[in-house]
Amino acid sequence: FFLKKITFVKHNTLPNMDVTLGLLNGGDDEDGGGVPSDGSTTNRSILTGSKEDNNNNNMVVMSSEVTSSSYPVVGDESLDGLELGLGLGIGGGGGGLKSKMVASGGGGGWNQYARILTAKDFPTSLVSKQNSCSSSSSVNIPNNSSSSGTKRTATDSVSPPNGTSVVGWPPVSKAHRMPSLASQLKSPTENFVSKPEQNKSKNRTVGLKDYLDERNGISNKKYRSVKVNMDGTLIGRKVDLNAHTSYEMLAQTLHEMFFRSSAEAVKPSRLLDGTSEFVLTYEDKDGDCMLVGDVPWEMFLSSVKRLRIMKNSDSNELAPRFEENNQRHRD
Amino acid sequence: MALSFPEEVLEHVFSFITSHTDRNTVSLVCKSWYEIERWCRRRVFIGNCYAVSPGIMIRRFPEVRCVELKGKPHFADFNLVPDGWGGYFYPWVCEMSRAYPWLEEIRLKRMVVSDEGLELVSKAFKNFKVLVLSSCEGFSTDGLAAIAANCRNLRELDLRESEVEDLSGHWLSHFPDSCTSLQSLNMSCLSSEVSFSALQRLIARSPNLKTLRLNRAVPLEKLSTLLHRAPQLVELGTGAYSAEARPDVCSNLAEAFSRCKELKGLSGFWDVVPFYLPAIYSVCSRLTSLNLSYATIQSPDVTKIVTQCPNLQSLSVLDYIEDTGLNALSLSCKDLRELRVFPSDPFVADANVSLTEQGLVAVSEGCYKLQSVLYFCRQMSNSALTTIAKNRPNLNCFRLCILEPRAPDYLTLEPLDNGFGAIVENCKQLQRLSLSGLLTDRVFEYIGKRAKKLEMLSIAFAGDSDLGLHHVLSGCDSLRKLEIRDCPFGDKALLANVSKLETMRSLWMSSCSVSLGACKRLSQKMPRLNVEVIDEQGDLDSRPDSSPVEKLYVYRTVAGPRLDMPSFIRNMAQNPTYMR
């Protein structure tokens, strides 16, 4: 069995909307739906009716956000041995599920609702990535310490620290991203310095090659997501470099991605200072393996092709090469 | 009777019908109208370059002069579309170069353009006049040099927000001395410095130049020289707006600005030094459009400017304007139609400026003509949204971005369902909506029931279940574009509304709960949709049907599966396992 954190969100309901909450025992697959038996933790709703039945079926809504305590808590039983799921109610609400519902507390229209749970019912916060299935968009919600001083309840325990960001959020286009930073990047003198670095390998022959290059996915752009692989881990990840403004920020994100399990508190990353058992390296556009952190951030952005988190023991062979490369760049 | 009407007369009548939708409607009346219309269509708009092929367009419309194409999905602006996705201009320009020798105008948005493509444009179309590349990429200043050198009658070159490989500023010097036709030049996205004397000469020999958007590298000290050469300018984008504080330079600049009696729009303003702001005061009263979204100036300075612009219709600012500035705006700018407030520090959770929902409420109260809003902020409440909705039922575009995903009403901690519900209930002409904050399926119920004119909807981190998506797909009659990220929407709603998808331009879903199997079934049911699964993990062919897809892009097309997909995109109609 698994537990899902749910709450029931009550609003100024529209008069003709009835919502029921179903509570099912064990693995019963009754009329009204059940929980997927593979134990998957995706927060899916199960619509067991087909489209044709819509006229007298009411969808059951399951929300996974905790709202304020002004919502009545109907029951507070232990959840051991219960599976939570969605079911279809019929007409006035309840249908075949009514007999299963624990109707207690509340009044009036709340009679048919079985449980309203708050975060206290659950031992640990389980809502980490309920809404994202993709590895490339980990939902990191910055701590909400807004000026009005309100506190978020349930998700506090899973909020990562400030500084981590979700890919493509907030939705600010490149043109409007980080104007203060952009001013440092794009001042004429700075541009003059970094230009040879950026353009040295581009022999611009206009021709069919460009079209074919585009088709093959080779792009001239200076921003992108890069792959990150860690030694010993089979599946790589992707990180959006454009969402980061410094090495520290990048190291923090990578630390979140690869080293942190959901329960543990966040420690500052040691990927950059050589004290961890791993080192962060990258492959630059010449194919060389470089240590992350030595060149200015903007220069790194323009030359990095992929990242690799290497075991520290392997990095010894890196060092001499790095020195060699450093020499080459200085020439 | 249509039969006794000479074609020439009908053609003449049709020439007054310019809107694309109207012309499309005209062509549906009967076969003869279809024929007449297609021969006299001069402007074609293709909202999704993969919905149709160049060949199909050319076959139907043989006499086109202006083509507008859009490529990547909107979420490409936020890095959600991987490199190599597509949107190549080259196949189009190849065929158009053969079929449309008299082509005059090309407008592209979010497409990949190459230098070779630009060179072909410059040589194949003898009467080429207008090139607008909006948020495009893949080309360098070499391509621009070809355009400058070869297009004898070039009227407009607009590179707005494109990513250009900037090899040097030399391209501008390729405009021949004989080129005097320029009316509009927007090079604001380029970083290299152009030859100032070449720029000056170009401006001096372009008497019809109305729009000039300089890039950051053009120094402020030289701006007055340029303005003296072009006092007829209607829209100006400055370069970097900073220099050593020198009163003589400032007064020269002020004097140059005051000569520009036609000036209605200002933009640029990178690196603003407040000392130089008074130079624009003389033109403020005429301004209808002001873009200060790069100006990192504080509230008092911004406020001082906007309160001098009573005719302002469109304003873009950073959130440095704060609630006080917006309040002043609401009192001074009664003609305001469009407001965009961008975040100065979007990746920091704590507010660095005092900009809240109150600023937007104030503007909604004072600016009676306000139609279009893009607002980034850190807190919002249902009561504020309801107030805004009741104040401004004439809103047609409402895009709200609360920076923290799933942020609730900060006063009550409730979801913002009711607030957005009020927006769609009161603003009956709403065409575009972007949601944010904590939202349950309830808000989608409101949207499905009320937002009957809604054409574009953007959803992020919202909803509880497939029911939410189902409400939207089954209720929004005018929906054309739907883009969703990080929502618990899955197979059921999608498969229950398959035919809806053919009435829309496109659907984007990323980081949702859609399974590979559902994508295959969708594709099977709807052969005129391209169901494209984007998945960079690299093992799509061996994934079980129950596995979730990273990103899904579905669009209607008459051109079949596209042939230029990179390895990480699959069209579900071509799925090898499906074929069995």
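This is a predicted model: local features need pLDDT of at least 70, side-chain atom pairs count only at pLDDT 80 or more; totals for chains, interfaces and linings use all residues.
Q: Which residue is the bridge partner of B:Glu105 in strand 4 of chain B?
A: Strand 3 of chain B, residues 105-109, pairs with strand 4 of chain B in the parallel sense, and 5 bridges join the two. Within strand 4 of chain B, the partner that B:Glu105 meets in a bridge is B:Val130.

Q: What is the handedness of the β-α-β crossover from strand 3 of chain B to strand 4 of chain B?
A: Between these two strands, which pair in the parallel sense, the chain passes through helix 6 of chain B, made of residues 115-124.

Q: Which residue in strand 6 of chain B stands opposite B:Val132?
A: Strand 4 of chain B also pairs with strand 6 of chain B, residues 156-158, in the parallel sense over 3 bridges. Opposite B:Val132, which is one of the buried residues of strand 4 of chain B, stands B:Asp158.

Q: How many residues make up the largest nonpolar core?
A: Among the members that touch the most other members of this core are B:Trp171, B:Tyr241 and B:Phe257. Leaving aside neighbours within four places in sequence, B:Trp171 is in contact with residues including B:Leu144, B:Leu157, B:Met187 and B:Val194. A second, separate core of 21 residues includes A:Tyr247 and A:Phe300, whereas the number of residues in the largest core is 201.

Q: In what order do the 5 strands of the open sheet in chain A lie?
A: The pairing in this sheet is mixed, and its edge strands, each of which pairs on one side only, are strand 6 (237-240) and strand 8 (289-291) of chain A. Inside the sheet, strand 5 and strand 9 of chain A run parallel and are joined by 3 bridges. The order of the strands is 6-5-9-7-8.

Q: At about what angle does helix 4 of chain A run to strand 6 of chain A?
A: Helix 4 of chain A, residues 247-258, lies across strand 5, strand 6, strand 7 and strand 9 of chain A. Its angle to strand 6 of chain A is about 155°.

Technical notes:
Residues are numbered from 1 along each chain as its sequence is written. Chains are lettered from A and ligands numbered from 1 in the order in which they are written. Side-chain values use heavy atoms; hydrogens and water are left out. Two strands pair if DSSP finds at least two bridges between them. Helices (H or I, at least four residues) and strands (E, at least two) are DSSP runs, numbered from the N terminus. Contact means heavy atoms within 4.5 Å. Axes are lines fitted to C-alpha atoms, for helices over the stretch in contact, and angles run from 0 to 180 degrees between N-to-C directions. A nonpolar core is a set of buried Ala, Val, Leu, Ile, Met, Phe, Trp, Tyr and Cys residues joined through side-chain atoms within 4.5 Å. Buried means under 20% relative accessible area, exposed over 50%, partly exposed in between (1.4 Å probe, protein chains only). A crossover is right-handed if, with the strands pointing away from the viewer, the path from the first strand over the helix to the second runs clockwise.
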